[in-house]
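Here is a short report on one protein chain. It covers confidence, sheets and cores.

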Amino acid sequence: MNTANLSRKQVTANTQKIKFLVFPIDNLNVALHIDSIKKIINYLTIFSSGLNHYGLVSIGEEEITVIDLHKRLFNTVQVLGIEDKKYLLLALNSNNETFGILIKNAPELYDIPLNQIRVLPPSYRRADTLKIASHVTVIMGENNEEKTIFILDPDELIAPV
């Protein structure tokens, strides 16, 4: 199920739960719907000019576009130390194009009730770097603290051609 279609399933919103992989990008929590996830692999060398937030990685016989979300959202390169674990989350847009997102922490799987997911207003999406997110939710995290999660739209990350 594509996150763009979340609001269409209001009939069973009180009982239906949706699975998301949640991961932090700096102080922001973002998520992708589990159906858009292809796999997670250990970090590979990413080739990039450094001029924008896109890079390229070779996996097997395939060249895959990689997005540095830290640079896209905060306009700074994500600092990755030698001792940091690094992962490449491989996902698909609606055209089934594979793309990668470089992440520092292993993502967590959450079952989030549909009635707790809200659509981000179009005015906010047009005005903010978070236009790559289509929805938002707030869940209770560890230590009973609220955790705001922005749900990413794969087609905003890599536009279908």
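How many residues lie between E4 and E5 in their hairpin? Two residues separate the strands, and Gly-60 in the turn has a positive phi of about 60 degrees.

This is a predicted model. The chain has a mean pLDDT of 86, and 86% of its residues reach 70 or more. Residues 7-13 fall below 50; beyond near neighbours in sequence, that stretch has seven contacts in the model.

**The five-stranded sheet**

An open sheet of five strands runs in the order E3-E6-E7-E5-E4, with mixed pairing. Strand E3 (37-42) and E4 stand at the edges with a single partner strand each, so one side of each lacks a neighbour in the sheet. The twist averages 30 degrees from one strand to the next.

Strand E4 covers residues 54-59, and its side chains alternate. Gly-55, Val-57 and Ile-59 point to one face and are buried.

**The six-stranded sheet**

Six strands form another open sheet, ordered E8-E1-E2-E11-E10-E9, and here too the pairing is mixed. Which strands stand at its edges? They are strand E8 (108-113) and strand E9 (117-119); each has a single partner strand, so one side of each is left without a neighbour in the sheet. The twist averages 35 degrees from one strand to the next.

**Antiparallel pairs**

| Strands | Bridges | Residues opposite each other |
|---|---|---|
| E3 and E6 | five bridges | Lys-39 and Leu-90 |
| E9 and E10 | three bridges | Ile-117 and Thr-137 |

**The cores**

The largest nonpolar core has 25 residues. Phe-23, Leu-69, Leu-89, Ile-101, Leu-152 and Leu-157 touch the most other members. Among the elements that give two or more residues to this core are strand E1 (17-25), helix H1 (69-74), strand E6 (87-92) and strand E11 (146-152). A second, separate core of 11 residues includes Ile-18, Ala-31, Ile-117 and Ile-139.

What does Phe-23 contact, leaving aside its neighbours within four places in sequence? Its partners include Leu-28, Val-30, Leu-69, Leu-89, Ile-101 and Leu-152. Asn-29 and Pro-107 are also in contact with Phe-23. In soluble globular proteins, nonpolar side chains tend to be buried together.

Notes
Residues are numbered from 1 along each chain as its sequence is written. This is a predicted model: local features need pLDDT of at least 70, side-chain atom pairs count only at pLDDT 80 or more; totals for chains, interfaces and linings use all residues. Side-chain values use heavy atoms; hydrogens and water are left out. A nonpolar core is a set of buried Ala, Val, Leu, Ile, Met, Phe, Trp, Tyr and Cys residues joined through side-chain atoms within 4.5 Å. Buried means under 20% relative accessible area, exposed over 50%, partly exposed in between (1.4 Å probe, protein chains only). Helices (H or I, at least four residues) and strands (E, at least two) are DSSP runs, numbered from the N terminus. Contact means heavy atoms within 4.5 Å. Two strands pair if DSSP finds at least two bridges between them. Axes are lines fitted to C-alpha atoms, for helices over the stretch in contact, and angles run from 0 to 180 degrees between N-to-C directions. pLDDT is the predictor's confidence in each residue, from 0 to 100.
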